[in-house]
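Let's go through this fold with a few quick questions. Have a look at the model first.

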Amino acid sequence: MAGEGGTRNGPGEGAEGGRVRNEVSGQVTGGVVQARDIGVVNVAGAPPAPARVPRQLPATPRGFVNRKAELELLDRLLQEGPAVAVVSGLRGVGKSAISRWWAHQSQERFSDGQLYVDLGAVRRRGGTSVSDVLGGFLRALGVHEEWIPAELPERAAMFRSMTAGLRLLVLVDDAEHAAEVTPLCPASAGSAVVVTSHRQLRGLLVEGAAPVRIDPLEEEQGVRLLAGMLGEERVTAERQPARELVRLCGGLPIALRVAAARLIQRRAWSIERLAGELADAERRLDHLTTEGGAIVEAVFESAYAALPERAARLYRLLGILPGADFTPAVAGALLEEEPVPVLEALLDANLVEEPEEDRYRLHDLARLTRPGARGGPSPPRRRRRRCAGWRSAI
């Protein structure tokens, strides 16, 4: 029913036998219900959004070795927002530990809360998308389920609206692609996003993210890690073997923790005894296992499995090199093609580093895990001869 004008009495049957005429004022579209007496009216709907301050950070990592330089770099980069820092490095090098430690030390700067997601765990569960992660973030901020849009772009827009003006920290662990992270970034100057990845995530760097590369532990840092697990007295009594153990583990925290766990289990063993076993390069990785799991070897194998085909091929061919250092000329001799784009893929995966211009280096443990270095198929003899021609450049 539609109509205009005031409502007044007129012809019609009233409640007491009189005639009443009803007119509806204003512009009305649709059905109209009129009643003489109206009591309490209840309109059902979603409950109002409660004010929430999410505190989702995982516990502070135990046995953390003070990475003062890296923590100070994160502080400098994230002083003014919106800021995104990409913390990258080898798997097992301590990216998550550093990021979580920094996040806990910086909580007071983000008074509106801290959000957290482990994208690696999400992938292992299978099927959960970035849209689902955003839905979880919105619920953590107090948005009722009925108000959350179904599609990713709308969820991302709502997240930006919800976080505008907030001082919020978002910690994203184990990202593989920039596209996983971009929708999770608040649009407020007081917020910050810290992303950990075994890749350098160049897409985020192009958008202005700051890189924070995490290298293996230096000798004294590694010794302090051992002391934290084995006890200061035990490590002080064998300071030189402890340094040697750090060297044999390449300063990789995951390898040092596995080695320390063996010494905790075998209390009668000296540090020198374990260092002696690890000195055998052919069997070193066999000793860096726990409960039958090749934890350290799996670190490199998982990174290798994610490589593009040509980069994986070069990684295999590097198994014939006698040392860890090489130049683009050596890589080109192995590949028999232009090596720079392929080396870029290995750099992005943090399987090689470039300590100086046109000089590349593999991690010591990576050398032992390369297919071809531990009994795998050897490259063709022709490539070995070509590589030998560049021996002075290795």
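Q: Which residue in the turn between S7 and S8 has a positive phi?
A: First, the ground rules: this is a predicted model, where local features need pLDDT of at least 70, side-chain atom pairs count only at pLDDT 80 or more, and totals for chains, interfaces and linings use all residues. Residues are numbered from 1 along each chain as its sequence is written, and side-chain values use heavy atoms, with hydrogens and water left out. Strands (DSSP E runs of at least two residues, numbered from the N terminus) S7 and S8 make a hairpin with two residues between them. The one with a positive phi, about 60 degrees, is Asp358.

Q: What is the bridge partner of Glu356 in S8?
A: S7 (352–356) and S8 (359–362) pair in the antiparallel sense over three bridges, pairing being at least two DSSP bridges between two strands. Within S8, Glu356 is partnered by Arg359.

Q: Why is one side of S2 and of S5 left without a neighbour in the sheet?
A: Five strands form an open, parallel sheet in the order S2-S3-S4-S1-S5. S2 (114–118) and S5 (210–213) stand at its edges, so each has a single partner strand.

Q: Which residue in S3 stands opposite Asp118?
A: S2 pairs with S3 (169–173) in the parallel sense over five bridges. Opposite Asp118 stands Asp173.

Q: At about what angle does H1 run to S5?
A: H1 (68–77), a helix (DSSP H or I run of at least four residues), lies across S1 (83–88) and S5. With axes fitted to C-alpha atoms, for helices over the stretch in contact (heavy atoms within 4.5 Å), and angles running from 0 to 180 degrees between N-to-C directions, H1 runs to S5 at about 175 degrees.
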